[in-house]
Amino acid sequence: MALLATITALLLAGLAWWLPVQDRFVLGPWVINFSDSVSVLGRQFTLGGTDRPALVMLYLIAALWFGAVPVVHPGKLFVPLGMAMAALLTAAIAVNPFLYAALFIEMGVIASMPFLSPPGGKVGRGVLRYLTFQSLGMLFILFSGWLLEGMEGLPPQTEDIQRVAISIGLGFAFLLAVFPFYTWIPMLAQESHPYAAAFVFLVLPTAIFILLLGFLDRYAWLREAAQTYEILRSAGVLMIVTAGVWAAFQNRMDRILGYALILEIGLSFIGVSLAQGSAVMTYLGLFFAAQVPRFLALGVWALALAILRTESKDLELPFARGLGRRYPLAAFGLILANFSIAGLPLLAGFPVRIPILQGLFQASPGMGYWVLLGSGGLLVAGLRTMAYLVTGEEATPWQLLESRAQRAYLILGMLGLLVLGILPQGFLPLFVNLPQVFGQMLP
Amino acid sequence: MDIESLALPAVGLIFITGLVLLLSWDWRLSISALAVQYLGITVLVGVSWPIDIAVVKLLAGWMAGAVLGIGLLGCQEERISEENLTVSFILYRVLLAVMVGLVATSLSSGMVRWIEKISWAQACGGLILIGLGLIHLGLTSKPFRVILGLLTVIGGFEIIYAAVESSILLAGLLAGVTLGLALVGTYLINAPSLEEVN
């Protein structure tokens, strides 16, 4: 099933890349017309040329993620429901008016529940909190849409702006797990299979950020208000600092993965907050480019955790003592992914962090130092993990217990983390034109 | 009979069913209360929408109740019910519900001034359900109860949103979310006893 899903996702990514839009395709005597829109109950679903990069990225991620399923066994429900989730997120990108995307994202969340809480296991609080927060976020976003429609064409009153700001703010705070609504992320990372949880951690925030950028693109007063960007930046810094500090004191390897994701969401907030005026193309490009190292790092990290989980069901650090001597590749991959998200030089996360940090230091040096502190916290978490994984009884021999397929995936992932870190010019230019999707934001 | 004349009784009905959901320890009673609650929601949505479209809420709600009910048949009681229903526990919840009712009543007039298309009964009914649903969510960690809380909050939101938005697609999508939540609730209640498919 995983192979079929991988091929299907690759095929869909290929079609999204190649298929002509608003054009006709002649195949012998047949002429096939390709329209970019379909009407459902009076509303349009449009996948235009500008949506192509997001679609290609979504299905490539899905294909590569499903490809490693046979070596990590995240459960039989993961592949079919993961595909359903990808399809619902595609609908979220396509639906017009874009506010309805919140409903498709909610449906995607519902589709993800069975693979996050697989049959035979206890239903944890994190899964329930995830469902609750995403549902509440959807309601706030829908309500914000109505408020914003009412303000169109009218001079915005201060009271209206406050109401909309509170509604949008709460909506995205719930959806994107902004402090203090992020408790479900480490809980979910602990309760669910790391590979399934990491898939959700990867695709869901990306889709929600595209919705957030849609808001900024659509409503001029929102993107022209300086407070919008200050709030985004402050939220991002707060997330990075708290996640980094909690990660440094965390005793579970799976929960550290959750904190790393919070740190990544915080970094995305900062990237979006810096995308103003003439810097829109640069920082939005970096926001999109950051998805690649995040994908690689989360992939390798989740894969390594899934392998280590087969040996030690409890991923608490004291129980994992010496595990790296039996699974050196998994341990090394985990540490490398951790360091990449912490922003260590020569790793994939570094080239996208540097310009964002530079921009942040120019805008607010104080915040820049706080972000460094947060990243330092994650680095400490990585060093602690490394210490536990490699130190064991001296008599324990070094072994290589990963299967061949696991080794192959881990080595490929780690090579990717290193190559992207050393040669960032190989992938950064691919994202230069992506911000043009949000044409209104451009100067 | 004009549906608007039923709006105020519907608010009362919604408050009572919300309270029953908050206090009920028997899942059959909870499902019944949910079904009656959707009747009240449909009446209040019907104030703004044509009744043939408003009935979608009733159908979706009843189907959600049926799905949850079927899922709960034969399920172990401890996975559904709250433990230790003491007098103080009941009193605490009743007091919370009364407070929600009072807050909703006092906020409704302001909401009517702000949202011109909404009636007082719709605002009050919607706010009562949202408040009771949030309390429900805050007091439980059982999947069945969480789903009931979410359905209550979404039901309240649907009443208020119906006054300002009448898209058929939106009605369909929200009905889809209601059914999806019921399905996932049924799954989560039964997940621990299902065979592992790994």
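Contact means heavy atoms within 4.5 Å. By that rule, among contacts in chain A between residues at least 6 apart in sequence, 79% join residues at least 24 apart. This is a predicted model, in which local features need pLDDT of at least 70 and side-chain atom pairs count only at pLDDT 80 or more, while totals for chains, interfaces and linings use all residues. Residues are numbered from 1 along each chain as its sequence is written, chains are lettered from A and ligands numbered from 1 in the order in which they are written, and side-chain values use heavy atoms, with hydrogens and water left out.

Start with chain A. It has 19 helices and five strands. Both are DSSP runs numbered from the N terminus: helices are H or I with at least four residues, strands E with at least two. The C-alpha trace spans about 75 × 65 × 45 Å along its principal axes. The radius of gyration (taken over C-alpha atoms) can be set against the globule rule, 2.2 Å times the number of residues to the power 0.38. For 443 residues a compact globule would come near 22 Å, and chain A has 22 Å, which agrees.

Of the 443 residues of chain A, 59% count as buried. Buried means under 20% relative accessible area, exposed over 50%, and partly exposed in between, with a 1.4 Å probe and protein chains only. The accessible surface of chain A is about 17,400 Å², and 67% of it belongs to carbon and sulfur atoms. Such areas come from the Shrake-Rupley method with a 1.4 Å probe; for residues, only the protein chains shown count as cover. On charge, chain A has 23 positive and 20 negative side chains, and the centres of the two sets lie 8 Å apart. Lys and Arg count as positive, Asp and Glu as negative; His and the chain ends are not counted. A charge is placed at NZ of Lys, CZ of Arg, CG of Asp or CD of Glu.

A:Glu264 lies in helix α12 (residues 253-274) of chain A. A:Glu264 is buried, with a relative accessible area of 3%. Leaving aside neighbours within four places in sequence, A:Glu264 is in contact with A:Arg294, A:Ile341 and A:Arg353.

Now the backbone. Most residues other than glycine have a negative phi, and most peptide bonds are trans. A cis peptide bond joins A:Phe179 and A:Pro180, with omega about 10°. A:Pro180 sits in the loop between α7 (158-175) and α8 (184-191) of chain A. A:Ala177 is found in the loop between α7 and α8 too, and its phi is positive, near 55°. A:Ala177 is buried, with a relative accessible area of 0%. A:His73 also has a positive phi, about 50°, although it is not a glycine. It is placed in the loop between α3 (69-72) and α4 (78-94) of chain A. A:His73 is exposed, at 54% relative accessible area.

Chain B is built from seven helices and zero strands. Its radius of gyration is 17 Å, close to the 16 Å that the globule rule gives for 198 residues, so chain B is as compact as a globular protein of that length. The C-alpha atoms fill a box of roughly 50 × 40 × 30 Å along the principal axes. Of the 198 residues of chain B, 58% count as buried. Chain B exposes about 8,100 Å², with carbon and sulfur atoms supplying 70%. It has 8 positive and 13 negative side chains, and the centres of the two sets lie 5 Å apart.

Finally, the aromatics. The structure holds 26 aromatic pairs over all chains. Rings of Phe, Tyr and Trp (its six-membered ring) pair if their centres lie within 6.5 Å; planes under 30 degrees apart count as stacked, over 60 as edge-to-face and the rest as tilted. The rings of A:Trp65 and A:Tyr195 have centres 5.1 Å apart and planes at 25°, so the pair is stacked. A:Trp65 lies in helix α2 (residues 52-67) and A:Tyr195 in helix α9 (residues 194-218) of chain A, so the pair ties together parts that are 130 residues apart in sequence. Both A:Trp65 and A:Tyr195 are buried.

A second pair crosses chains. The rings of A:Trp146 and B:Trp114 have centres 6.3 Å apart and planes at 65°, so the pair is edge-to-face. A:Trp146 lies in helix α6 (residues 125-151) of chain A and B:Trp114 in helix α4 (residues 87-114) of chain B, so the pair joins two chains.
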